[in-house]
Amino acid sequence: MPEIPGTHATYIAASLRNLSTATGDAGDHEIVTYDAAAVDDDGDAAVAAVREALTAIGDPDWAPHIDPLPFAARLREHRASCADARRFAQTMPAAWVRQLAIAGTPGQAREAIGSRHAAGATSVVLAPAGREALACLDSLARALPPRPLNR
């Protein structure tokens with residue numbers, strides 16, 4: 001699975017501010033986020049499942065995603081202290097993982113999706129993370145709000 005770092009709410013808000021400044025337009029923009037995602041009744045299991053998808057988030061290329069976060073400096077320090085990207089992702093605090101991905105119980109995942117929408121995302125794409133990504137689709141669907149039946 002390709003690495004898909006998270007598009008946390010802080011990054012979305014900062015990006016929209018930069019876009020408005022650059023274009024002089026605060027108009028309607030289509031903002032689509034792509035987030036590594038795992039949903040499980042055991043929130044810690046979901047966090048564990050999504051870690052592998054976050055290995056690249058400590059690389060310098062991802063600095064624009066990290067810079068708006070209050071823990072950006074600590075994240076960089078943590079990456080520098082780890083022998084490799086895998087160790088970095090496996091040992092970063094769960095609170096960071098939850099901000100950088102959609103990971104947790106169905107309720108926690110809905111909250112993370114909601115925070116992205118509240119920050120300005122018009123669509124939130126969930127990229128299944130874990131060893132059997134396609135098998136995770138049913139669990140990801142549990143994070144979506146129920147839709148009324150059209151009759």
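In which strand does Val 32 lie? I found Val 32 in strand E1, which covers residues 32-39; helices (H or I, at least four residues) and strands (E, at least two) are DSSP runs numbered from the N terminus.

**Ground rules.** I noted that this is a predicted model, in which local features need pLDDT of at least 70 and side-chain atom pairs count only at pLDDT 80 or more, while totals for chains, interfaces and linings use all residues. Residues are numbered from 1 along each chain as its sequence is written, and side-chain values use heavy atoms, with hydrogens and water left out.

**Overall layout.** I counted eight helices and three strands in the protein chain, and reading along the sequence gave me the pattern α-β-α-α-α-α-α-β-α-β-α. Of the 151 residues in the protein chain, 40% are buried, where buried means under 20% relative accessible area, exposed means over 50%, and partly exposed is in between (1.4 Å probe, protein chains only).

**The sheet.** I then looked at how the strands are arranged, and found three of them in an open sheet with the order E2-E1-E3 and parallel pairing; two strands pair if DSSP finds at least two bridges between them. Strand E2 (102-104) and strand E3 (123-128) stand at the edges with a single partner strand each, so one side of each has no neighbour in the sheet. From one strand to the next the twist averages 30 degrees, with axes taken as lines fitted to C-alpha atoms (for helices over the stretch in contact) and angles running from 0 to 180 degrees between N-to-C directions. E1 and E3 run parallel and are joined by six bridges, whereas E1 and E2 pair in the parallel sense over three bridges.

**Cover on E1.** How many of the eight residues of E1 are buried? Six of them are, which leaves the strand mostly covered. Val 32 counts as partly exposed because its relative accessibility is 35%.

**Cores.** The largest nonpolar core has 22 residues, and among those with the most contacts inside it are Val 50, Leu 54, Ile 57 and Met 92; such a core is a set of buried Ala, Val, Leu, Ile, Met, Phe, Trp, Tyr and Cys residues joined through side-chain atoms within 4.5 Å. The elements giving two or more residues to this core are E1, helix H2 (43-50), helix H4 (72-81) and helix H6 (94-100). A second, separate core of 12 residues includes Val 39, Ala 112, Ala 121 and Leu 140.

**Salt bridges.** I used the rule that a side-chain nitrogen of Lys or Arg lies within 4 Å of a carboxyl oxygen of Asp or Glu, and the count came to five. In one of them, Asp 35 pairs with Arg 116, the closest N and O atoms being 3.1 Å apart; the pair links strand E1 to helix H7 (residues 106-119) across 81 residues. Are these two partners buried or exposed? Asp 35 is buried, with a relative accessible area of 0%, and Arg 116 is buried as well, at 2%.

Arg 98 and Asp 44 meet in a salt bridge at 3.5 Å, N to O, which connects helix H6 with helix H2 over 54 residues. Here Arg 98 counts as partly exposed at 26% relative accessibility, while Asp 44 is exposed at 55%.
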